[in-house]
Amino acid sequence: FTHLQVAQPVSFGHHMLAYVEMFARDAERMADVRKRVNRLPLGAAALAGTTYPLDRERVARTLGMVDANGDPAVCQNSLDAVSDRDFAIEFTAAASLVMVHISRFSEELILWMSQSFGFIDLADRFCTGSSIMPQKKNPDVPELARGKTGRVVGHLMGLITLMKGQPLAYNKDNQEDKEPLFDTVDTLKDTLRIFAEMAGGITVKPEAMERAAKKGYATATDLADYLVKKGLPFRDAHEVVAHAVKDAIAAGLDLSELPLDKLQTYNPAIEQDVFEVLSLRGSLNARNLLGGTAPAQVRAQVARHRIRLG
């Protein structure tokens, strides 16, 4: 789908891998955040540093506050150490992106589970019925996760607003950093935990997906590409296929159901091999390049991520 309209055929596996890529980047961001926030502020005291003979680097090593080379990571300026909260903001920003990805996935699960789509089903333990309508099975977990996203994004906005007008060094405003930070940690952990469990209980309905893909002339672009490979400029091919789709709609047929002699009225270069191009599986198989939706590429990406995850 694009604009929630049928666009081009992709497999369910390829669609899910899009989220795998998003969550992989989220994991990278979290690891990158740790490099900057895992630093020792001890010794900054109120704002000017301490007069006591504290070995800050030894303390940092003892607490595991070290960089990638094993060197101690210590806040280098006492004013900065006590007054800024960018560590909380950066973590909450990374957490917000995780939650946004969860929310987008949730929205699709909610749509796909509805009777209008019917692409998937969720295990009963992640859904509830209605207090009034006995036929209902509501996708509670995805809806709650979608709502929790606003909570975490709100915490990010709150922390940024908290810091924007503060002079150096410490101000009492900063007491307001604890609740949004700690609640973000709890919300993210709880949401990821329940989502990971729920994902294993998704039942896919491939027949419904295939029926939906056939409704929206998803292989129209494939026909245009076919004509381009026959030597037609894409602009002209686009117009030719638009006429073909218009006629197919009027006839109540899919492009693949139009007879060859009809297709040849749009361009005589069209031959019998066009029907493989116009099939859903033919469209998938044609995109056999890195990142494409061909089954071979999807299997390769699944294998790559399994190696990455150990």
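## Basis of the description

Helices in this report are DSSP runs of H or I with at least four residues, numbered from the N terminus. The model itself is predicted.

## A residue of helix 13

Helix 13 covers residues 295-309, and His 305 belongs to this helix. Is His 305 buried or exposed? Its relative accessibility is 5%, and a residue is termed buried when this value is under 20%, so His 305 counts as buried.

Neighbours within four places in sequence set aside, His 305 has contacts with Leu 17, Val 20 and Glu 21.

## Domain arrangement

## The largest pocket

The volume of the largest pocket is about 670 Å³. Its lining consists of 21 residues, and those closest to the centre are Val 10, Ser 11, Phe 12, Met 209 and Ala 213.

Which helices each supply at least two residues of this lining? They are helix 1 (12-37), helix 7 (206-215) and helix 12 (280-286). Helix 7 provides the largest share, with 5 residues. In terms of domains, domain 2 and domain 3 each contribute at least three residues to the lining of the largest pocket. By class, the lining of this pocket comprises 15 nonpolar, 3 polar and 3 charged residues.

## The second largest pocket

For the second largest pocket, the volume is about 520 Å³. It is lined by 20 residues, of which Tyr 19, Val 20, Phe 23, Phe 105 and Leu 192 are the closest to its centre. Two or more lining residues come from each of helix 1, helix 4 (86-113), helix 6 (178-199) and helix 13.

Which helix gives the largest share of the lining of the second largest pocket? That share, 9 residues, belongs to helix 1. The lining of the second largest pocket holds 18 nonpolar residues and 2 charged residues, with no polar residues.

## Links between the parts

Note on methods
Residues numbered from 1 in each chain as written. Predicted model: local features only at pLDDT ≥ 70, side-chain atom pairs only at ≥ 80, totals over all residues. Heavy atoms only, no water. Buried < 20%, exposed > 50% of the residue type's maximum accessible area, 1.4 Å probe, protein only. Contact = heavy atoms within 4.5 Å. 1 Å grid on protein atoms, 1.4 Å probe; cavity = no way out; pocket = protein on both sides within 12 Å on 5 of 7 lines; lining within 4 Å. Points joined across faces, edges and corners; volume = space filled by probe spheres on them. Nonpolar A, V, L, I, M, F, W, Y, C, P; charged D, E, K, R; others polar. Domains from an automatic or database assignment.
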